[in-house]
Amino acid sequence: CNIPSCTGGTQTTLTGTVYDPAGLNMIYDAQVYIPAALPLPAIPVGAQMDPCGGGGNLPPSVSYAVTGPDGKFTLNNVPAGGSFPIVVQVGKWRRQFNYTLAGCQASPLSVGNLLLPSTQAQGNMPHIGLVSGDCDAMECLLLRIGVSHTEFCNPGAGCAVSFYDENGMHLSGGSNPGINSLLSSQATMLTDDLIMLPCECGSEYQTYPSSYGTNEVSYTSKGGRLFTSHWGRQWIEGGSGQWPVPYPGVANWIPSFWEGGNQPPSFLTGQINTGFAQGAAFSTWMTNVGGAAGGQFAITPWRVDAYTVGAAAQLWVSDVNNVCGGWGCTANMPADFTFNTPLGAGTTFGRVMYTDMHLSYASSQCLDNNNGCSFPSNCTNSALSGQEKAAEFLLFDLQGCTTPLPPPPPAATI
C-alpha cells in the first residue's frame, strides 16, 4: 500500500481548492477523491432517471472530501512517494489531475488549484442545449465562467454546448437552428443534461405549441435540468392559459405580467434565503467571492413576476424592496427559485431553476440577431456582477443531486 505508516499521530494530508473553469470563483459541494483504480468509469450522456443525474456514483476511492463554501478540501491518509491521480467532480463536470507529495505531513496540492474542465479534452462536461435570447445572453455567462468558445457548436457536432438561436446572438460560423429544433423533439431534449431557455424579451410568451410544454415536463421528469429567466416563466406557468400549466402551484404569478426595471428604483436589493443549509452556504459563498455583503446584492435590471413561491419550490433569493405596479405594492417577491421534478414524487430526478433577473444583460455588447450580433465576438469580458455570481452558484447547484450528496464512495487501497 502507498499510504505511509506515520508515527506520533500524524497523517499524510492533502489540501487544495476547487475553482470554476475560468479559475475565478471557488466551487461549493465539489467532490474530490483519489480513485483506487483507473480508468475512471464513463459518465452517461443526457438526462438520467437518477437523483444525481448520472454523476453521483463515484468509483471506490482511497480518500474522499467535499468542498465547503470557500472551495477548500482536505484529504486524509492519502498515498505518497509517487505520482497519484486526484479527481474533482460536480455533477457531470469531472477532471483528473496527478499529484506528488512527501509522506507524513500536511501538504498543499502540488499542481495548484483544481479547475473544472473548460474543454472536453480536459475532462467530462455536461451536455447543454442553449437557446440564445435577445434579452439575456446566457451564452456569454458560460463563456465568462470558463467554458471555451470551441465548445459551442451546432447541435450534434459533439461539443459540450449545442447552440440554438431563437432571436438572440448567432453562433459565428454555425447553422443556428431555432428553438423548434430542440423542443419539438423529446428524444433530442433527452440527449442534453441541461437545457437553458433565457429570456427572449417576451416573444416566446404564448407563441409556442403546447407540445413544447408537454415535452419539457417529460424531459425534466426523466432527470433533465432546465434553466429559464424572466419571460421564460411561460415554461413554468403555461403561457397565460394558452397551455396546460406545466408545473402547477410552484409560484403565485402576477397576472398583469407587469415588469419593472424601467422606473424607480434603479435597482432592487436581493436577499439570500439562509433558512436552509444550502442557502446559508450560498450566502457564505457569495461573501467569499465578493458577490454580496450581509447576504444582499444589487439586482439590475430588475423584474418582478411572482408574489410568492409554492410549497414545492425552494426560494433562494427575494427582492426586499417595496415595489409598486398594477397589482399594488408588494415586498419580498421571489427573484430566484428552484423545484425538483416530477412534482410531488417521492423520488425526484430533475430540477428547474427560474430567475426573475436578466443575468447577462450587461455582459454582451449586442443581443439581437437582427442587428448582426454574433457569439462569441459580441460578449464582453467584464467582471461578473453580484447577480451573475449568484447565477453561477445556482447553475452548478442545478446540475447536482436533487437529494443530499450520496454517501462517500466505497473505501479502497492502492
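Let me begin with a definition: Ala, Val, Leu, Ile, Met, Phe, Trp, Tyr, Cys and Pro count as nonpolar, Asp, Glu, Lys and Arg as charged, and the others, Gly among them, as polar. What you see is a predicted model. On those terms, the lining of the largest pocket comprises 17 nonpolar, 12 polar and 4 charged residues. This pocket has a volume of about 560 Å³, and 33 residues line it, with Gln278, Arg351, Asp397, Cys401 and Thr403 nearest its centre. Among the elements that give two or more residues to this lining are strand 5 (83-90) and helix 6 (277-288). Helix 7 provides the largest share, 4 residues.

The second largest pocket, at about 150 Å³, is lined by 14 residues. These divide into 6 nonpolar, 7 polar and 1 charged.

I turn now to salt bridges, of which the whole structure holds 5. In one of them, aspartate 193 meets lysine 92 at 2.4 Å, N to O. Because aspartate 193 sits in the loop between helix 3 and strand 14, and lysine 92 in the loop between strand 5 and strand 6, the pair ties together parts 101 residues apart in sequence. Both residues are buried.

Arginine 144 pairs with glutamate 388, their closest N and O atoms being 2.8 Å apart.

Lastly, Arg233, Glu237 and Asp305 are linked in a network of salt bridges. Thank you.

Methods
Residues are numbered from 1 along each chain as its sequence is written. This is a predicted model: local features need pLDDT of at least 70, side-chain atom pairs count only at pLDDT 80 or more; totals for chains, interfaces and linings use all residues. Side-chain values use heavy atoms; hydrogens and water are left out. On a 1 Å grid over the protein atoms alone, a cavity is a set of points where a 1.4 Å probe fits but cannot get out, and a pocket is an open set with protein on both sides within 12 Å along at least five of seven lines; lining residues have an atom within 4 Å of a point. Grid points are joined across faces, edges and corners, and a volume is the space filled by probe spheres set on the points. A salt bridge is a side-chain nitrogen of Lys or Arg within 4 Å of a carboxyl oxygen of Asp or Glu. Buried means under 20% relative accessible area, exposed over 50%, partly exposed in between (1.4 Å probe, protein chains only).
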